[in-house]
Amino acid sequence: MGDPGGVGPEVCLQLLADPQQYAPAVPIVFGDAAILQRVARQCGFPEPKQVVPFDPSLDFRAMSEATVVDFGTIDSEAFVPGKVTAAGGEASYQYIMRAIDAALAGKVDGITTGPINKEALHAAEHFYPGHTEIFIERCGRDTGCMMLTSELLTCSFVTTHVGYRDVPELLTIERIGEVIDLTVDAMRKIRKREPKLLVCGLNPHAGEHGLFGDREEERIIVPAVQIARDKGIQIDGPVPPDTAFLAERRPLYDCVVCMYHDQGHIPLKALAFDIAVNTTLGLPIVRTSVDHGTAFDIAWQGKAKVSSMIHAVRLAGDLSGS
């Protein structure tokens with residue numbers, strides 16, 4: 001469900017209101033039923049039809065209709081939406097952890113996450129930069145990567161939630177190669193064919209032969225691209241980031257491999273904010289997510305768009321084969 005104080009509850013309610021939006025998947029919402037019921041009344045959405053208390057022994061795959069799994073963590077009448085709260089951060093963390101456990105146990109086929117607030121998460125003393133890092137740790141992985149995908153543009157990321165001054169130190173031939181391999185595997189599943197990738201440089205003009213930066217392109221990115229090419233991967237780059245997303249170039253590639261967060265997030269959200277889906281690659285389970293935040297400024301007002309949630313649920317179903 002995401003943070004109870006954000007738009008997660010209302011996009012879940014909008015999803016549940018129309019089975020055609022999620023069929024053939026069966027959505028099982030891990031959240032607080034009382035919050036969903038209050039938001040439904042406030043926004044004029046239908047209330048959830050089936051609610052069951054959370055029990056880790058439940059086999060959620062046996063549920064044949066949309067169901068809210070109630071954690072009962074929030075006092076719904078006293079709770080104030082649209083604010084950063086430790087209670088909201090703790091609730092969203094519990095939903096995530098129990099959903100991951102259910103997926104690892106084979107009790108759900110995949111996970112789609114609603115938006116969380118990082119300040120609220122930290123206020124609850126869960127010090128993660130975001131969803132991706134929680135999933136990687138809980139799944140016992142050392143690493144993984146983020147990918148944002150849409151019909152218009154798809155980007156994967158070598159680094160994500162770190163300060164820009166830290167990015168060059170995190171770039172290695174091995175890390176870029178790992179992201180390329182994960183991206184190829186994911187795009188084969190999504191596109192049902194061999195993909196073609198484009199790799200961005202780190203610096204303006206892709207370094208312009210050492211004029212900008214510390215020759216990261218020549219020392220790190222070019223060798224990683226060549227290793228991928230030697231494996232038979234269709235891949236070009238590194239190219240200047242400011243021309244990687246031109247309209248005439250986008251149809252030529254299935255995914256753009258980006259060196260840092262905003263290099264790909266800005267063009268993707270400018271082009272496909274309402275339809276893009278976030279997914280974590282390299283996990284033993286399927287995880288997708290909406291590509292937007294908690295939007296506290298419009299929470300519980302019925303203004304949030306459900307389109308990204310619909311696309312995220314559909315992609316989770318496709319990737320899990322459900």
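Predicted model: local features only at pLDDT ≥ 70, side-chain atom pairs only at ≥ 80, totals over all residues.
Mentor: Local features need pLDDT of at least 70 and side-chain atom pairs count only at pLDDT 80 or more, while totals for chains, interfaces and linings use all residues. Residues are numbered from 1 along each chain as its sequence is written, and side-chain values use heavy atoms, with hydrogens and water left out.

Trainee: At what angle do the axes of α7 and α8 cross?

Mentor: Axes are lines fitted to C-alpha atoms, for helices over the stretch in contact, with angles from 0 to 180 degrees between N-to-C directions. Helices are DSSP runs (H or I, at least four residues), and strands are E runs of at least two, numbered from the N terminus. Helix α7 (residues 173-191) and helix α8 (residues 216-230) cross at roughly 40°, their axes coming within 8 Å.

Trainee: Which residues in α7 meet α8?

Mentor: Contact means heavy atoms within 4.5 Å. Ile-173, Ile-176, Gly-177 and Ile-180 in α7 do so, and their partners in α8 include Arg-219 and Ile-220.

Trainee: Where is Lys-192, whose phi is positive?

Mentor: Lys-192 lies in the loop between α7 and β7 (196-200), with phi near 65°.

Trainee: Is Ala-206 buried or exposed?

Mentor: Buried means under 20% relative accessible area, exposed over 50%, and partly exposed in between (1.4 Å probe, protein chains only). Ala-206 is buried at 13%, whereas Lys-192 is exposed at 63%. Ala-206 also has a positive phi, near 55°.

Trainee: Which peptide bond that ends at Pro-238 is cis?

Mentor: The bond from Gly-237 to Pro-238, with omega near 0°; Pro-238 is in strand β8 (residues 234-239).
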